[in-house]
Amino acid sequence: MSSVLEEQTVTALDGDGAAAGLQRGTTEAASARISVVMPLFDKAPFVEAAIRSTLDNGPGVFEVIVIDDGSRDNSAEVVAAIDDPRIKLIRKANGGVSSARNVGLDHARGDWVAFLDADDFWLPGYVEALQTLIARYPRCGMVATRYVLQDDEGRRAGSPGASHFDEGVTLQIDDFYAAMAEGHFCCTCSVAIRRDVIREARLRFPTGEQLGEDLDVTFRAGEFAPVGLDPRPLVVYRDSNLGLRLSRTVTRKLLIPVFERLDARLASGKFPAALRAGAEHYLRNHLKYLIYYAVENGRRPEGWQLLCHRLIARRPRTMVQMALALILPAAALSFLRKLKDRRS
(Lines give C-alpha, C1' and ligand atoms only; values in the text may rest on other atoms or scores of the structure.)
Protein backbone atom coordinates (compact mmCIF):
# COMPACT_ATOMS: atom_id res chain seq x y z
CA MET A 1 0.00 0.00 0.00
CA SER A 2 1.14 3.57 -0.60
CA SER A 3 3.06 5.55 1.99
CA VAL A 4 1.28 8.65 3.23
CA LEU A 5 3.58 11.34 4.59
CA GLU A 6 0.89 13.93 5.08
CA GLU A 7 -2.89 14.01 4.88
CA GLN A 8 -5.07 17.08 4.52
CA THR A 9 -8.84 17.16 4.67
CA VAL A 10 -10.83 18.24 1.63
CA THR A 11 -14.56 18.71 1.29
CA ALA A 12 -16.85 16.21 -0.37
CA LEU A 13 -18.13 16.41 -3.95
CA ASP A 14 -21.46 17.88 -4.87
CA GLY A 15 -24.12 15.71 -6.49
CA ASP A 16 -22.79 16.21 -10.02
CA GLY A 17 -19.25 15.20 -9.12
CA ALA A 18 -17.80 18.70 -9.35
CA ALA A 19 -15.63 20.04 -6.56
CA ALA A 20 -17.42 21.81 -3.75
CA GLY A 21 -14.14 23.46 -2.70
CA LEU A 22 -11.07 22.70 -0.63
CA GLN A 23 -10.48 23.18 3.07
CA ARG A 24 -6.96 24.55 2.85
CA GLY A 25 -6.28 25.15 6.53
CA THR A 26 -2.94 26.92 6.69
CA THR A 27 -1.86 25.82 3.21
CA GLU A 28 -2.69 28.28 0.43
CA ALA A 29 -3.00 27.30 -3.21
CA ALA A 30 0.13 27.66 -5.31
CA SER A 31 0.56 30.07 -8.19
CA ALA A 32 2.29 27.60 -10.48
CA ARG A 33 1.79 28.19 -14.19
CA ILE A 34 0.20 25.19 -15.87
CA SER A 35 0.64 24.39 -19.56
CA VAL A 36 -2.06 22.18 -21.04
CA VAL A 37 -1.02 19.86 -23.87
CA MET A 38 -3.93 18.68 -26.03
CA PRO A 39 -3.43 16.37 -29.03
CA LEU A 40 -6.17 16.74 -31.63
CA PHE A 41 -7.29 14.45 -34.43
CA ASP A 42 -10.82 14.53 -35.87
CA LYS A 43 -12.53 15.63 -32.65
CA ALA A 44 -14.55 18.59 -33.95
CA PRO A 45 -17.70 17.71 -31.93
CA PHE A 46 -15.78 17.66 -28.62
CA VAL A 47 -12.72 19.89 -28.76
CA GLU A 48 -14.37 23.20 -27.86
CA ALA A 49 -15.87 21.74 -24.69
CA ALA A 50 -12.49 20.24 -23.79
CA ILE A 51 -10.70 23.57 -24.23
CA ARG A 52 -13.32 25.57 -22.36
CA SER A 53 -13.13 23.11 -19.45
CA THR A 54 -9.50 24.22 -19.05
CA LEU A 55 -9.98 27.96 -19.64
CA ASP A 56 -12.98 28.17 -17.30
CA ASN A 57 -11.28 26.20 -14.52
CA GLY A 58 -10.06 29.21 -12.60
CA PRO A 59 -6.62 30.84 -12.50
CA GLY A 60 -3.52 28.79 -13.09
CA VAL A 61 -3.89 27.74 -16.72
CA PHE A 62 -1.00 29.58 -18.38
CA GLU A 63 -1.46 28.22 -21.90
CA VAL A 64 -3.40 25.59 -23.83
CA ILE A 65 -1.26 24.05 -26.55
CA VAL A 66 -3.43 22.27 -29.11
CA ILE A 67 -1.53 20.11 -31.58
CA ASP A 68 -3.65 19.32 -34.62
CA ASP A 69 -2.28 16.03 -35.87
CA GLY A 70 -3.46 16.31 -39.46
CA SER A 71 -7.20 16.29 -38.74
CA ARG A 72 -9.44 15.53 -41.70
CA ASP A 73 -12.45 17.39 -40.29
CA ASN A 74 -12.75 21.02 -39.15
CA SER A 75 -11.24 20.42 -35.71
CA ALA A 76 -8.47 23.00 -36.19
CA GLU A 77 -10.96 25.62 -37.39
CA VAL A 78 -13.06 25.09 -34.26
CA VAL A 79 -9.98 25.75 -32.13
CA ALA A 80 -8.93 28.80 -34.15
CA ALA A 81 -12.36 30.35 -33.64
CA ILE A 82 -12.03 30.37 -29.82
CA ASP A 83 -10.97 33.86 -28.78
CA ASP A 84 -8.47 33.46 -25.97
CA PRO A 85 -4.78 34.47 -26.09
CA ARG A 86 -3.79 31.44 -24.00
CA ILE A 87 -4.61 29.07 -26.87
CA LYS A 88 -1.70 28.07 -29.09
CA LEU A 89 -2.70 26.04 -32.15
CA ILE A 90 0.05 24.03 -33.81
CA ARG A 91 -0.66 22.17 -37.03
CA LYS A 92 1.41 19.18 -38.10
CA ALA A 93 1.23 16.22 -40.45
CA ASN A 94 -0.37 13.14 -38.95
CA GLY A 95 2.11 11.20 -36.86
CA GLY A 96 0.04 9.74 -34.03
CA VAL A 97 -0.99 10.88 -30.58
CA SER A 98 2.47 10.39 -29.04
CA SER A 99 4.19 12.55 -31.63
CA ALA A 100 1.55 15.24 -31.07
CA ARG A 101 2.04 15.18 -27.30
CA ASN A 102 5.82 15.36 -27.75
CA VAL A 103 5.42 18.50 -29.88
CA GLY A 104 3.36 19.93 -27.04
CA LEU A 105 6.11 19.09 -24.54
CA ASP A 106 8.62 20.90 -26.76
CA HIS A 107 6.48 24.08 -26.77
CA ALA A 108 5.32 24.08 -23.13
CA ARG A 109 6.61 27.02 -21.08
CA GLY A 110 4.70 26.59 -17.84
CA ASP A 111 6.06 25.31 -14.54
CA TRP A 112 3.88 22.21 -14.82
CA VAL A 113 2.48 20.37 -17.83
CA ALA A 114 -1.02 18.88 -17.74
CA PHE A 115 -2.52 16.69 -20.44
CA LEU A 116 -6.04 16.54 -21.82
CA ASP A 117 -7.34 14.68 -24.84
CA ALA A 118 -9.63 16.61 -27.14
CA ASP A 119 -12.69 14.50 -26.31
CA ASP A 120 -12.27 14.51 -22.51
CA PHE A 121 -12.83 17.38 -20.07
CA TRP A 122 -11.99 18.68 -16.63
CA LEU A 123 -14.65 19.28 -13.99
CA PRO A 124 -14.78 22.58 -12.05
CA GLY A 125 -12.19 22.65 -9.30
CA TYR A 126 -9.62 20.47 -11.06
CA VAL A 127 -6.98 23.18 -11.51
CA GLU A 128 -7.54 24.41 -7.96
CA ALA A 129 -6.96 20.86 -6.74
CA LEU A 130 -3.68 20.66 -8.70
CA GLN A 131 -2.51 24.02 -7.37
CA THR A 132 -3.24 22.98 -3.79
CA LEU A 133 -1.35 19.70 -4.23
CA ILE A 134 1.62 21.56 -5.72
CA ALA A 135 1.75 23.85 -2.68
CA ARG A 136 1.07 21.15 -0.14
CA TYR A 137 3.56 18.54 -1.36
CA PRO A 138 6.62 20.32 -2.76
CA ARG A 139 8.65 17.07 -3.18
CA CYS A 140 6.21 15.70 -5.73
CA GLY A 141 7.09 15.57 -9.41
CA MET A 142 3.56 14.68 -10.48
CA VAL A 143 0.16 15.63 -9.06
CA ALA A 144 -3.15 14.01 -9.95
CA THR A 145 -6.81 13.52 -9.22
CA ARG A 146 -8.95 10.49 -9.92
CA TYR A 147 -11.25 10.37 -12.93
CA VAL A 148 -14.59 8.97 -14.05
CA LEU A 149 -15.51 7.14 -17.24
CA GLN A 150 -18.32 8.40 -19.47
CA ASP A 151 -19.81 6.32 -22.27
CA ASP A 152 -21.18 7.47 -25.61
CA GLU A 153 -24.61 8.07 -24.07
CA GLY A 154 -23.19 10.34 -21.36
CA ARG A 155 -23.53 7.83 -18.53
CA ARG A 156 -20.73 7.95 -15.98
CA ALA A 157 -19.25 4.88 -14.35
CA GLY A 158 -17.59 4.64 -10.96
CA SER A 159 -14.13 6.08 -10.56
CA PRO A 160 -11.31 3.56 -11.06
CA GLY A 161 -9.13 2.90 -8.04
CA ALA A 162 -11.86 4.11 -5.72
CA SER A 163 -11.78 1.45 -3.04
CA HIS A 164 -8.52 2.26 -1.29
CA PHE A 165 -8.66 6.07 -1.06
CA ASP A 166 -10.71 8.33 1.16
CA GLU A 167 -12.15 11.15 -0.95
CA GLY A 168 -11.87 13.40 2.09
CA VAL A 169 -8.06 13.60 2.22
CA THR A 170 -5.21 14.47 -0.09
CA LEU A 171 -2.00 12.50 0.21
CA GLN A 172 1.55 12.12 -0.96
CA ILE A 173 2.22 8.72 -2.52
CA ASP A 174 5.81 7.58 -2.22
CA ASP A 175 5.27 4.08 -3.63
CA PHE A 176 3.53 4.78 -6.93
CA TYR A 177 3.26 1.18 -8.13
CA ALA A 178 2.01 -0.17 -4.81
CA ALA A 179 -0.85 2.31 -5.04
CA MET A 180 -1.47 1.50 -8.72
CA ALA A 181 -1.64 -2.22 -7.87
CA GLU A 182 -4.78 -1.46 -5.88
CA GLY A 183 -6.40 0.23 -8.90
CA HIS A 184 -5.41 2.79 -11.53
CA PHE A 185 -6.16 5.97 -9.62
CA CYS A 186 -5.07 8.37 -12.37
CA CYS A 187 -4.87 8.60 -16.14
CA THR A 188 -2.83 10.83 -18.44
CA CYS A 189 -5.66 13.37 -18.60
CA SER A 190 -5.81 13.67 -14.80
CA VAL A 191 -2.14 14.38 -14.08
CA ALA A 192 0.24 17.31 -14.25
CA ILE A 193 4.01 16.81 -14.28
CA ARG A 194 6.61 19.35 -13.21
CA ARG A 195 8.40 20.58 -16.33
CA ASP A 196 11.85 20.19 -14.81
CA VAL A 197 10.98 16.53 -14.07
CA ILE A 198 10.02 16.09 -17.72
CA ARG A 199 13.41 17.47 -18.68
CA GLU A 200 15.54 15.68 -16.08
CA ALA A 201 13.81 12.29 -16.49
CA ARG A 202 13.79 12.76 -20.29
CA LEU A 203 10.12 11.94 -20.49
CA ARG A 204 8.79 11.40 -24.01
CA PHE A 205 5.73 9.60 -25.31
CA PRO A 206 6.74 6.52 -27.35
CA THR A 207 5.75 6.91 -30.99
CA GLY A 208 4.30 4.21 -33.17
CA GLU A 209 2.23 2.64 -30.36
CA GLN A 210 -1.56 2.73 -30.08
CA LEU A 211 -2.27 1.05 -26.77
CA GLY A 212 -0.94 2.11 -23.36
CA GLU A 213 1.60 4.52 -24.84
CA ASP A 214 0.54 7.25 -22.41
CA LEU A 215 1.20 5.01 -19.39
CA ASP A 216 4.91 5.11 -20.16
CA VAL A 217 5.22 8.76 -19.12
CA THR A 218 3.15 8.41 -15.93
CA PHE A 219 5.11 5.27 -14.98
CA ARG A 220 8.46 7.01 -15.36
CA ALA A 221 7.28 10.15 -13.58
CA GLY A 222 6.06 7.98 -10.69
CA GLU A 223 9.48 6.32 -10.53
CA PHE A 224 11.29 9.66 -10.53
CA ALA A 225 9.56 11.44 -7.61
CA PRO A 226 6.59 11.12 -5.21
CA VAL A 227 3.07 11.77 -6.47
CA GLY A 228 0.52 14.11 -4.90
CA LEU A 229 -3.09 12.92 -5.11
CA ASP A 230 -6.46 14.51 -4.54
CA PRO A 231 -8.69 11.40 -4.56
CA ARG A 232 -11.76 13.21 -5.89
CA PRO A 233 -12.75 12.33 -9.47
CA LEU A 234 -12.35 15.68 -11.22
CA VAL A 235 -11.69 14.54 -14.80
CA VAL A 236 -14.15 12.93 -17.22
CA TYR A 237 -12.64 10.37 -19.58
CA ARG A 238 -14.85 9.51 -22.51
CA ASP A 239 -14.72 5.72 -22.80
CA SER A 240 -16.00 5.45 -26.35
CA ASN A 241 -16.84 2.10 -27.88
CA LEU A 242 -14.54 3.19 -30.68
CA GLY A 243 -11.60 3.55 -28.29
CA LEU A 244 -8.60 1.26 -28.14
CA ARG A 245 -8.87 -1.10 -25.18
CA LEU A 246 -7.27 -4.49 -24.67
CA SER A 247 -10.70 -5.91 -23.88
CA ARG A 248 -11.89 -5.06 -27.40
CA THR A 249 -8.65 -4.83 -29.35
CA VAL A 250 -6.71 -7.71 -30.86
CA THR A 251 -3.07 -7.16 -29.96
CA ARG A 252 -0.17 -8.98 -31.57
CA LYS A 253 1.37 -9.64 -28.14
CA LEU A 254 -0.49 -9.76 -24.87
CA LEU A 255 2.31 -7.98 -23.02
CA ILE A 256 2.24 -4.63 -24.81
CA PRO A 257 5.42 -2.50 -25.09
CA VAL A 258 4.82 -0.23 -22.09
CA PHE A 259 4.74 -3.28 -19.79
CA GLU A 260 7.65 -4.89 -21.59
CA ARG A 261 9.69 -1.77 -20.83
CA LEU A 262 8.64 -1.82 -17.17
CA ASP A 263 9.61 -5.50 -17.05
CA ALA A 264 12.99 -4.71 -18.61
CA ARG A 265 13.65 -1.92 -16.11
CA LEU A 266 12.85 -4.28 -13.24
CA ALA A 267 15.17 -6.92 -14.68
CA SER A 268 18.00 -4.44 -15.30
CA GLY A 269 19.01 -4.09 -11.66
CA LYS A 270 18.81 -0.29 -11.93
CA PHE A 271 15.21 0.07 -10.77
CA PRO A 272 14.67 2.24 -7.64
CA ALA A 273 15.02 -0.17 -4.73
CA ALA A 274 12.25 1.46 -2.68
CA LEU A 275 9.75 0.93 -5.51
CA ARG A 276 10.77 -2.57 -6.60
CA ALA A 277 8.36 -4.61 -4.46
CA GLY A 278 5.40 -2.43 -5.41
CA ALA A 279 6.31 -2.50 -9.10
CA GLU A 280 6.68 -6.29 -9.09
CA HIS A 281 3.32 -6.63 -7.35
CA TYR A 282 1.72 -4.33 -9.94
CA LEU A 283 3.26 -6.14 -12.91
CA ARG A 284 2.38 -9.56 -11.43
CA ASN A 285 -1.25 -8.46 -11.16
CA HIS A 286 -1.16 -7.40 -14.79
CA LEU A 287 0.31 -10.74 -15.86
CA LYS A 288 -2.47 -12.55 -14.02
CA TYR A 289 -5.04 -10.40 -15.78
CA LEU A 290 -3.44 -11.25 -19.14
CA ILE A 291 -3.60 -14.96 -18.39
CA TYR A 292 -7.31 -14.68 -17.65
CA TYR A 293 -7.71 -12.65 -20.83
CA ALA A 294 -5.85 -15.33 -22.82
CA VAL A 295 -8.24 -18.05 -21.61
CA GLU A 296 -11.37 -16.02 -22.31
CA ASN A 297 -10.21 -14.96 -25.78
CA GLY A 298 -8.85 -18.17 -27.25
CA ARG A 299 -5.15 -17.39 -26.72
CA ARG A 300 -4.20 -20.11 -24.21
CA PRO A 301 -0.73 -20.82 -25.72
CA GLU A 302 0.28 -17.25 -24.93
CA GLY A 303 -1.17 -17.66 -21.46
CA TRP A 304 1.03 -20.71 -20.85
CA GLN A 305 4.06 -18.64 -21.93
CA LEU A 306 3.15 -15.94 -19.40
CA LEU A 307 2.85 -18.62 -16.72
CA CYS A 308 6.64 -19.06 -16.99
CA HIS A 309 7.35 -15.39 -16.29
CA ARG A 310 9.70 -15.03 -13.34
CA LEU A 311 7.20 -12.95 -11.33
CA ILE A 312 4.64 -15.77 -11.58
CA ALA A 313 7.06 -18.72 -11.38
CA ARG A 314 8.70 -17.54 -8.15
CA ARG A 315 5.35 -17.77 -6.35
CA PRO A 316 4.20 -21.43 -6.36
CA ARG A 317 0.69 -20.64 -5.12
CA THR A 318 0.18 -18.02 -7.84
CA MET A 319 1.59 -20.38 -10.46
CA VAL A 320 -0.81 -23.17 -9.45
CA GLN A 321 -3.73 -20.74 -9.43
CA MET A 322 -2.89 -19.50 -12.92
CA ALA A 323 -2.28 -23.04 -14.24
CA LEU A 324 -5.75 -24.04 -13.04
CA ALA A 325 -7.18 -20.99 -14.79
CA LEU A 326 -5.50 -22.08 -18.02
CA ILE A 327 -7.03 -25.54 -17.72
CA LEU A 328 -10.60 -24.43 -17.02
CA PRO A 329 -13.11 -23.90 -19.84
CA ALA A 330 -13.43 -20.21 -20.68
CA ALA A 331 -17.10 -20.07 -19.62
CA ALA A 332 -16.30 -21.60 -16.23
CA LEU A 333 -13.45 -19.19 -15.62
CA SER A 334 -15.62 -16.19 -16.55
CA PHE A 335 -18.33 -17.38 -14.16
CA LEU A 336 -15.90 -17.82 -11.28
CA ARG A 337 -14.34 -14.39 -11.86
CA LYS A 338 -17.73 -12.69 -11.94
CA LEU A 339 -18.72 -14.51 -8.76
CA LYS A 340 -15.53 -13.33 -7.07
CA ASP A 341 -16.14 -9.75 -8.24
CA ARG A 342 -19.67 -9.76 -6.81
CA ARG A 343 -18.44 -11.05 -3.45
CA SER A 344 -15.68 -8.44 -3.27
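Biologist: Which residues of α12 are buried?
Modeller: Keep in mind that this is a predicted model. Seen down the axis of α12, the buried residues fall within an arc of 155°, so they line one face of the helix. Pro316, Arg317, Leu324 and Ile327 are exposed on the other side. The buried ones are Thr318, Met322, Ala323, Ala325 and Leu326.

Biologist: How far apart are the end C-alpha atoms of α12?
Modeller: Helix α12 runs over residues 316-327, which makes 12 residues. At 1.5 Å a residue they should span 16 Å, and the model agrees, because the end C-alpha atoms are apart by 16 Å.

Biologist: Which element gives the largest share of the nonpolar patch?
Modeller: The patch covers about 410 Å² of surface and is made by Trp304, Val320, Leu324 and Ile327. Isoleucine 327 lies in helix α12 and is exposed, at a relative accessible area of 60%. The largest share, 3 residues, comes from α12.

Biologist: Which residue forms a salt bridge with arginine 265?
Modeller: The closest N and O atoms of the pair are 2.8 Å apart. The partner lies in helix α7 and arginine 265 in helix α8, so the pair ties together parts that are 42 residues apart in sequence. That partner is glutamate 223.

Biologist: Is aspartate 69, the partner of lysine 92, buried or exposed?
Modeller: Lysine 92 and aspartate 69 form a salt bridge, with 2.6 Å between the closest N and O atoms. Lysine 92 sits in strand β4 and aspartate 69 in strand β3, so the bridge ties together parts 23 residues apart in sequence. The cut-off for buried is under 20% relative accessible area. At 4% relative accessibility, aspartate 69 counts as buried.

Biologist: Where does arginine 314 lie?
Modeller: Its side chain meets that of glutamate 280 in a salt bridge, at 3.3 Å from N to O. The pair links distant parts of the chain, 34 residues apart, with glutamate 280 in helix α9. Glutamate 280 counts as buried at 14% relative accessibility, whereas arginine 314 is partly exposed at 45%. Arginine 314 lies in the loop between α11 and α12.

Biologist: In what sense do β7 and β10 pair?
Modeller: Strand β7 has 8 of its 9 residues buried, so it is largely enclosed by the rest of the structure. With β9 it pairs in the antiparallel sense over 3 bridges, and there methionine 142 has isoleucine 193 as its bridge partner. Towards β10, threonine 145 stands opposite aspartate 230. Over 9 bridges, the sense of the β7 and β10 pairing is parallel.

Biologist: How far apart in space are tryptophan 112 and valine 191?
Modeller: Tryptophan 112 lies in strand β5 and is buried, with a relative accessible area of 5%. In sequence, tryptophan 112 and valine 191 are 79 residues apart. From C-alpha to C-alpha, their separation in space is 9.9 Å.

Notes: Residues numbered from 1 in each chain as written. Predicted model: local features only at pLDDT ≥ 70, side-chain atom pairs only at ≥ 80, totals over all residues. Heavy atoms only, no water. Helix = DSSP H or I, 4+ residues; strand = E, 2+ residues; numbered from the N terminus. Expected span 1.5 Å × (residues − 1). Buried < 20%, exposed > 50% of the residue type's maximum accessible area, 1.4 Å probe, protein only. Arc of directions from axis to C-beta. Pairing = 2+ DSSP bridges. Patch = residues over 30% accessible without salt bridge, like charges linked within 9 Å, V, L, I, M, F, W, Y side chains within 5 Å. Areas by Shrake-Rupley, 256 points an atom, 1.4 Å probe, with all protein chains shown as cover. Salt bridge = Lys/Arg side-chain N within 4 Å of Asp/Glu carboxyl O.
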